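Dear colleague,

Please find the structure below, with the sequence alongside.

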Amino acid sequence: MRAGGFLLILGLVGCVPSPALPDPITDGLTTDSSPAIESDQLSTPSGDVAPTRQPPSIDREALTSEATELVAEYLSITDEVTRAGGQGSDSINSVVTDAWASTEERGFEEYRSRGIRTIGVTEFDHLGIQSAHLAAGGGWEVAVFVCVDAQAVWVIPGDAPSPPDDLVAWLVEGQPEDEPTEQQATQWQEYIALIRPDAGQIDPVVMWLVGPTMTELRIDAIETWRGYHPCGPNDSPPE
């Protein structure tokens, strides 16, 4: 649904570069089509190879639900902070570890120093648990694959005027039943020409979640997945 609307928007925008968003996303999740990540392809934040076999005691469905909620909350907070131009960045601390918080803060500082902000909403899909095990020092380490979709996120100048009515809704919701009116299209083109937005993209990522229990997980690292993935038109076929 959204792809059609986004392609129309791109036609209005022209060719726009992808923004340098913080690596950061909430519906329509699937868990049956994420790529298989082998143990020799993925390492923990400490550098140790993560086993791919799941301990028998793990409730995969419950763990997937916990991970889904965490990722959704993380992306919602990220969108909120970037919409505010990087202000209120302390709110990210509720979903990331202290170690990863500094990385997030550097991304938000970029927004503040450059005087930029975002409009739109980040989404995600194809979430799948890739590994889960007890760490040597105690607690859990969980690797989660997810497609982060920022196509409906535009980076704009911080002092840019508010977008025309319905533009953000079109970005987020995609192709509606009715095409935009000629007046809407004209307003949107004028706005785009004025602010020259940078449009986001779809990225395959692996998020490392850690915590003392399965219900107390936080994001400890985010890595770009460079192998086969199901994240849209730019996905790579298996070799």
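The count comes to three salt bridges, where a salt bridge is a side-chain nitrogen of Lys or Arg within 4 Å of a carboxyl oxygen of Asp or Glu. Please keep in mind that this is a predicted model, in which local features need pLDDT of at least 70 and side-chain atom pairs count only at pLDDT 80 or more, while totals for chains, interfaces and linings use all residues. Residues are numbered from 1 along each chain as its sequence is written, and side-chain values use heavy atoms, with hydrogens and water left out.

Side chains of opposite charge can pair when their charged atoms come close. Glu105 pairs with Arg112 in a salt bridge whose closest N and O atoms are 2.3 Å apart, and Glu109 also forms a salt bridge with Arg112, with the closest N and O atoms 2.8 Å apart. Glu109 and Arg112 are separated by about one helical turn, because they stand three residues apart in helix α3 (helices, H or I, of at least four residues, and strands, E, of at least two, are DSSP runs numbered from the N terminus).

As for accessibility, buried means under 20% relative accessible area, exposed means over 50%, and partly exposed lies in between (1.4 Å probe, protein chains only). Glu105 is partly exposed, at 27%, Arg112 is partly exposed, at 25%, and Glu109 is partly exposed, at 36%.

The side chains of Glu110 and Arg114 meet in another salt bridge, at 3.8 Å from N to O. Glu110 and Arg114 are four residues apart in helix α3, so about one helical turn separates them. Glu110 counts as partly exposed at 35% relative accessibility, and Arg114 is partly exposed with a relative accessible area of 46%.

The loop residue is Ser89, which lies between α2 (60-83) and α3 (98-114). Ser89 counts as buried, because its relative accessibility is 9%. Leaving aside residues up to four places away in sequence, Ser89 touches Val81, Glu105, Phe108 and Arg112, a contact being heavy atoms within 4.5 Å. Among these neighbours are Glu105 and Arg112, the two residues joined by the 2.3 Å salt bridge described above.
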